[in-house]
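Work through the exercises below with the model open beside you. Try each task before you read its solution.

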Amino acid sequence: MNTSGLHIDSVSTGLLIGRTVIGLLMAAHGAQKLFGWFGGYGLRGTGEFMVQLGYRPGVAFAAAAGFGEVASGLLVALGFLGPVGPALMISVMIVAAVTVHWGNVFAMKNGIELPLLYAVAALVFAFAGFGAYSLDTLLGLANLWSSALTWTVLGAGVVGGFANLAIRRPGAPAAV
């Protein structure tokens, strides 16, 4: 135990559990879009939904969203590349919260609860770090992620999410 009352091994174990659950669930969420796994609609079905949301061409946006979710989830689960995975996760969750879930809070009403939880978890991992049981630590990368660099990467994720919202064109003619 150190002076803050935290046990480093316990904190690292908690981070490992959180990263694994959040990361693999996010990756599976993206796999639903990309491959139709776990009851998802695959690229074509998700692409049609993206068109309804105002993203054209729908399949390209479905692929980008699915890839962002799979990549962010795997990076977080593995504890690799510091804030990059959390920034990607925040970016896709900003878009999901605004385009699909806005207007209600709780998941029972398709509210922002789930994307908000993913985004907050991503922030926690970005600022707390991935812990001792991570690829970043194993490869000696954990100390590369300064506070300034973390803020910069997270800022890029937020800008990416809002840029995606800015190119959305609801109500335009459909083209998958």
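**Exercise 1. Find the residues that line the largest pocket, and say which lie nearest its centre.**

Solution. Step one: count the lining. It has 35 residues, and H29, K33, M50, E69 and A96 lie nearest the centre. A pocket here is an open set of points on a 1 Å grid over the protein atoms alone, where a 1.4 Å probe fits, with protein on both sides within 12 Å along at least five of seven lines; lining residues have an atom within 4 Å of a point.
Step two: list the elements. α1, α2, α3, α4, α5 and α7 each give two or more residues to this lining. Helices are DSSP runs (H or I, at least four residues), numbered from the N terminus.
Step three: pick the main contributor. α4 provides the largest share, 9 residues.
The lining holds 19 nonpolar, 14 polar and 2 charged residues.

Two notes on the model. It is predicted: local features need pLDDT of at least 70, side-chain atom pairs count only at pLDDT 80 or more, and totals for chains, interfaces and linings use all residues. Residues are numbered from 1 along each chain as its sequence is written, and side-chain values use heavy atoms, leaving out hydrogens and water.

**Exercise 2. Which residues touch the most other members of the largest nonpolar core?**

Solution. Step one: recall the term. A nonpolar core is a set of buried (under 20% relative accessible area) Ala, Val, Leu, Ile, Met, Phe, Trp, Tyr and Cys residues joined through side-chain atoms within 4.5 Å.
Step two: name the residues. Among the 28 members, they are M50, Y55, M89, M93 and F125.
Step three: find the top element. α4 gives the most to this core, with 8 residues.
Step four: follow Y55. Beyond its neighbours within four places in sequence, Y55 is in contact (heavy atoms within 4.5 Å) with M50, F61, V95, T99, N164, L165 and R168.

**Exercise 3. Why does the pair of F127 and W151 count as tilted?**

Solution. Step one: take the rings. Their centres are 4.9 Å apart and their planes meet at 55°, so the pair is tilted. Rings of Phe, Tyr and Trp (its six-membered ring) pair if their centres lie within 6.5 Å; planes under 30 degrees apart are stacked, over 60 edge-to-face, and the rest tilted.
F127 is in helix α5 and W151 in helix α7, so the pair ties together parts 24 residues apart in sequence.
F127 is partly exposed at 42% relative accessibility, while W151 is exposed at 55%.

Technical notes
Buried means under 20% relative accessible area, exposed over 50%, partly exposed in between (1.4 Å probe, protein chains only). Ala, Val, Leu, Ile, Met, Phe, Trp, Tyr, Cys and Pro count as nonpolar, Asp, Glu, Lys and Arg as charged, and the others, Gly among them, as polar.
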